[in-house]
Amino acid sequence: MSQHDDATVLLDEDHNEVIRMFEQYKSAKDPARQKVLARQICQELLVHMQIEEEIFYPAYIKATGDRENLKDGLEEHQEARELIRKLEQAPVDARLMLELEDGILHHVNDEREKMFPKARKTQGMDLMALAQQLQARKMELMAGQDA
Ligand SMILES: [Fe+2]
Ligand SMILES: [Fe+2]
């Protein structure tokens with residue numbers, strides 16, 4: 001992250017990273033490697049959803065009043081969490097991983113096409129300050145994980 005990135009750029013970097021990890025997972029042949037990647041994807045997603053829900057989404061709803069996209073976003077996070085819970089019991093379940101990837105691609109697209117443009121247009125969001133908060137919280141959460 002560069003010092004000049006705003007919150008939407010920072011969050012979209014996470015999106016690109018997790019999409020890249022799904023690609024790695026799909027091209028991995030070794031089940032042990034698949035298991036490691038599946039676990040990393042789930043951890044990355046849990047942290048990302050948590051910082052969005054703690055920091056970005058509340059600032060977004062306050063500034064835009066856009067309940068519809070917020071509600072969709074939260075529902076999609078819940079769907080992803082349910083799949084992640086199932087995957088924790090069976091981390092190399094290829095079908096569940098595909099389902100998770102589909103859901104995440106759809107969700108990322110919604111944030112990119114709907115929420116982020118609105119966030120950039122509205123007056124009430126300090127996207128630079130939010131980026132700092134998101135980054136700090138992400139570091140904190142990642143430090144608390146057994147990697
Ligand atoms: Fe999200
Ligand atoms: Fe996101």
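By a cavity I mean a set of grid points where a 1.4 Å probe fits but cannot get out. The model on screen is a predicted one. Under that rule, there are two cavities of 30 Å³ or more. I will take them in turn.

The largest cavity holds about 80 Å³ of space. Which helices each supply at least two residues of its lining? They are helix 1, residues 7-27, helix 2, residues 31-64, and helix 4, residues 94-121. Helix 2 gives the most, with four residues. If you want to pick the lining out on the structure, look for Asp-14, His-15 and Val-18, then Glu-44, Leu-45, His-48 and Met-49. Also in the lining of this largest cavity are His-77, Ile-104, His-107 and Val-108. Sorted by class, the lining of the largest cavity has five nonpolar, four polar and two charged residues.

Now the other one. The second largest cavity has a volume of about 50 Å³. Two or more residues of its lining come from helix 3, residues 67-89, and likewise from helix 4. Helix 4 has the largest share here, five residues. Lining the second largest cavity are Asn-69, Asp-72 and Gly-73, together with His-107, Asp-110, Glu-111, Lys-114 and Met-115. By class, that lining has one nonpolar, three polar and four charged residues.

Notes. Residues numbered from 1 in each chain as written. Chains lettered and ligands numbered in written order. Predicted model: local features only at pLDDT ≥ 70, side-chain atom pairs only at ≥ 80, totals over all residues. Heavy atoms only, no water. 1 Å grid on protein atoms, 1.4 Å probe; cavity = no way out; pocket = protein on both sides within 12 Å on 5 of 7 lines; lining within 4 Å. Points joined across faces, edges and corners; volume = space filled by probe spheres on them. Nonpolar A, V, L, I, M, F, W, Y, C, P; charged D, E, K, R; others polar.
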